[in-house]
Amino acid sequence: MYQGRRITDFTAPPAGYQMAAFASALPIAAAAAAALLVSSSAVAAQADPDEDVAFHLVGQVVDIATGAPVQGARVSVAASAWMSLTNSQGRFILHDLDPGPHRLSVEQLGYRTLVVQVRAGTAAAPLRLGIEPDPIVLEGLEVVGRRFERRRRATGLRVSEFDQHDLAASSSTSTAEMLEERIPVQRTRCDDGGFECVFTRGGRIRPVVCIDETPMIDGWNALAAYRPQEFHMIEVYGRGGLVRAYTHMFMKRAARIRFLPAPVGSC
């Protein structure tokens, strides 16, 4: 779970920043040896250690087999709170990095994790990182996805589905906030106090919220503890009476075991 981490989308570099330089970018894992496609430009100049200088890393994540950009991949810096999510062109940016070496991790469901060593300094070519598909997980995701779709159709209710691309692109500070904006969900306090209820056609009800097929005691407040980017998929039934949310880690396991979802109306 990436709770509390600084998450940025790819945007134009802020004024006053210097471009990142990469003297070298060497894969840590053996499986990533052919996955890193980086221009090996020499560092043009070294930063003065006495100067208060911050750098940013920019680049693109692509499917190494097809060259297609990978959207929603999580690019993070080891031993820090810095993380970026790739946009629809697979591009990312990491702000406010110290000069010198940094260890990056690239993660996306359906792909093998890539770990690389890069160096931030003065101007050089952006990174281009290739990640390798995991056929077993990709095939499993298709199987599980069809099972989720059959369950949604069986309910007879309107179901709002948010996939990983919708969630990755959200600017909301919490999942609860995003759902209130997108559904929209009308929240209120329950009669018994202490819990959050929602208004539906049947009146005020306490919503059932399942995270990774596990029911939450105070469901709506549980969703407020997660950022949208931490989930792979969210299903909202009706006007919020039932919410099912699935993390990336859960979906990876589900794909490997060909997970069978719980029946309609339960977690």
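Q: Buried means under 20% relative accessible area, exposed over 50% and partly exposed in between (1.4 Å probe, protein chains only); what does this make of Tyr246 and Phe250?
A: Tyr246 is buried, as is Phe250, so each has under 20% relative accessible area. The model is predicted, so local features need pLDDT of at least 70 and side-chain atom pairs count only at pLDDT 80 or more, whereas totals for chains, interfaces and linings use all residues. Residues are numbered from 1 along each chain as its sequence is written, and side-chain values use heavy atoms, leaving out hydrogens and water. Of the 267 residues in the chain, 48% are buried.

Q: What makes strand 18 (242-247) mostly covered?
A: Six of its six residues are buried. Leu242, Arg244 and Tyr246 point one way, Val243, Ala245 and Thr247 point the other way, and all are buried. The strand itself is a DSSP run of E with at least two residues; helices are runs of H or I with at least four, and both are numbered from the N terminus. By that rule the chain has five helices and 18 strands.

Q: Why is strand 17 called largely enclosed by the rest of the structure?
A: Seven of its seven residues are buried, so the rest of the structure largely encloses strand 17.

Q: How do you know that the buried residues of helix 3 lie on the same side?
A: In helix 3 (residues 175-182), Thr175, Ala176, Met178 and Leu179 are buried. They cover an arc of only 160° around the axis, which puts them on the same side of the helix; the arc is that of the directions from the helix axis to the C-beta atoms. What covers these residues includes helix 2 (164-169), helix 4 (219-223), strand 11 (159-162), strand 17 (231-237) and strand 18, where contact means heavy atoms within 4.5 Å.

Q: Why is the pair of Phe148 and Tyr246 called tilted?
A: The whole structure holds four aromatic pairs. Phe148 and Tyr246 have ring centres 4.8 Å apart and planes at 50°, so the pair is tilted. Rings of Phe, Tyr and Trp (its six-membered ring) pair if their centres lie within 6.5 Å; planes under 30 degrees apart count as stacked, over 60 as edge-to-face and the rest as tilted. Phe148 lies in helix 1 (residues 135-155) and Tyr246 in strand 18, so the pair ties together parts that are 98 residues apart in sequence. Tyr246 also forms a tilted pair with Phe250, at 5.6 Å centre to centre and 35° between the planes.

Q: What makes Arg206 a charge over the ring of Phe195?
A: The rule requires NZ of Lys or CZ of Arg within 6 Å of the ring centre and within 35 degrees of the ring normal. The charged end of Arg206 is 3.8 Å from the centre of the Phe195 ring and sits over it.
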